[in-house]
Amino acid sequence: MNMAATPTTNPSQLLPLELVDKCIGSRIHIVMKTDKEIVGTLLGFDDFVNMVLEDVTEFEITPEGRRITKLDQILLNGNNITMLIPGGEGPEV
Amino acid sequence: MLAKSNKEKENNRVTSATDARGFDWWNTSGVTVSLPCHTANMADKEKKKKESIFDLSKYIDKPIRVKFQGGREASGVLKGFDPLLNLVLDGTIEYMRDPDDQLKLTEDTRQLGLVVCRGTSVVLICPQDGMEAIPNPFVQQQDG
């Protein structure tokens, strides 16, 4: 991954994609731009933060309920990802 | 391969079209020539490459408020960022905006902890104490 040079950033700070990288192998909670959330085990991601997840549960927030439990790995399109929460377990419903 | 076929199409369209300076615009000789103005633009672009117009390092370890595409809002302490505006926030609180909520943010909040925010989704960043709610200035009083 090509990191652009930023003379202004402090090198000892925490880079966002480094934090995501540390999360590989553990549970992660993804919040989309819409009212959808995904919880799964992070297998990997790319420069565009498209994500490969396993043992995935999909949540729809407004209709109040869990939707689909999927397994066997999904590729989540990074286009609509808003937040990534390492170790998150998802909404409390 | 694709580029070649496009050039062939161009060559078939116009047999010859040279301007006053004798510049062969349609490239009938089949040789690729880069236009002078094009290369000047490329040089400019390279100079301006990754200059950020705003320095977020001022806000490190400070509480900030972030708004996202899709109406979500969050606030937290800024722990890190990158030039693409991905953020790391700690102690994040998310404010949800429901249709009945309008902008009453205090109703539906949830604690998220350490969060990475996608820069592609961020629309606004401001300090936590940098904004306050005011009565709607655009509401017209019905004086009849």
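**Note on the interface between chains A and B and the fold of chain A**

1. Between chain B and chain A, about 2,200 Å² of area is buried, and carbon and sulfur atoms give 63% of this area. On the side of chain B, the residues that lose the most area to chain A are B:R72, B:V116 and B:R118, which together supply 29% of what that side buries. It should be noted that the model is a predicted one.

2. The contact involves 28 residues of chain B and 29 residues of chain A. Sorted by class, the side of chain B that touches chain A consists of 13 nonpolar, 7 polar and 8 charged residues.

3. The count of salt bridges between chain B and chain A is 1. B:R110 forms a salt bridge with A:E37, and the closest N and O atoms lie 2.5 Å apart. Polar contacts across the interface of chain B and chain A amount to 8 residue pairs, both residues of each pair being at pLDDT 80 or more.

4. Which elements of chain B give two or more residues to the side that touches chain A? They are β2 (73-81), β3 (87-95) and β4 (109-117) of chain B. Of the elements on that side, β4(B) gives the most, with 6 residues.

5. Strand pairing also links the two chains: strand β6 (residues 81-86) of chain A and β4(B) pair in the antiparallel sense over 2 bridges. Within this pairing, A:L84 has B:V116 of β4(B) as its bridge partner. B:V116 is also one of the residues of chain B that lose the most area to chain A.

6. Turning to chain A by itself, the secondary structure comprises 1 helix and 6 strands. Read from the N terminus, the order of these elements is α-β-β-β-β-β-β. Chain A has 93 residues, of which 44% are buried. Among the contacts in chain A with a separation of 6 or more, 48% are between residues 24 or more positions apart.

7. β3(A) is mostly covered, with 7 of its 10 residues buried. β3(A) runs antiparallel to β2(A), and 8 bridges join these two strands. In this pairing A:K36 stands opposite A:E60 of β3(A). β3(A) also pairs in the antiparallel sense with strand β5 (residues 74-76) of chain A, over 3 bridges. There, the bridge partner of A:M51 is A:L76 in β5(A).

8. Most residues other than glycine have a negative phi. A:V49, although not a glycine, has a positive phi of about 55°. This residue is found in the loop between β2 (36-45) and β3 (51-60) of chain A. The two strands form a hairpin with 5 residues between them, and A:V49 belongs to the turn. Is A:V49 buried or exposed? A:V49 counts as buried because its relative accessibility is 0%, the cut-off for buried being under 20%.

9. B:D61 is not a glycine, yet its phi is positive, at about 65°. B:D61 lies in the loop between α2 (36-47) and β1 (63-68) of chain B.

Terms used:
Residues are numbered from 1 along each chain as its sequence is written. Chains are lettered from A and ligands numbered from 1 in the order in which they are written. This is a predicted model: local features need pLDDT of at least 70, side-chain atom pairs count only at pLDDT 80 or more; totals for chains, interfaces and linings use all residues. Side-chain values use heavy atoms; hydrogens and water are left out. Helices (H or I, at least four residues) and strands (E, at least two) are DSSP runs, numbered from the N terminus. Buried means under 20% relative accessible area, exposed over 50%, partly exposed in between (1.4 Å probe, protein chains only). Contact means heavy atoms within 4.5 Å. Buried area is the accessible area (1.4 Å probe) that two parts lose on being put together, summed over both. A salt bridge is a side-chain nitrogen of Lys or Arg within 4 Å of a carboxyl oxygen of Asp or Glu. A polar contact is a pair of N or O atoms within 3.5 Å; within protein, one must be able to donate a hydrogen and the other to accept it, and residues adjacent in sequence count only if both atoms are side-chain atoms. Ala, Val, Leu, Ile, Met, Phe, Trp, Tyr, Cys and Pro count as nonpolar, Asp, Glu, Lys and Arg as charged, and the others, Gly among them, as polar. Two strands pair if DSSP finds at least two bridges between them.
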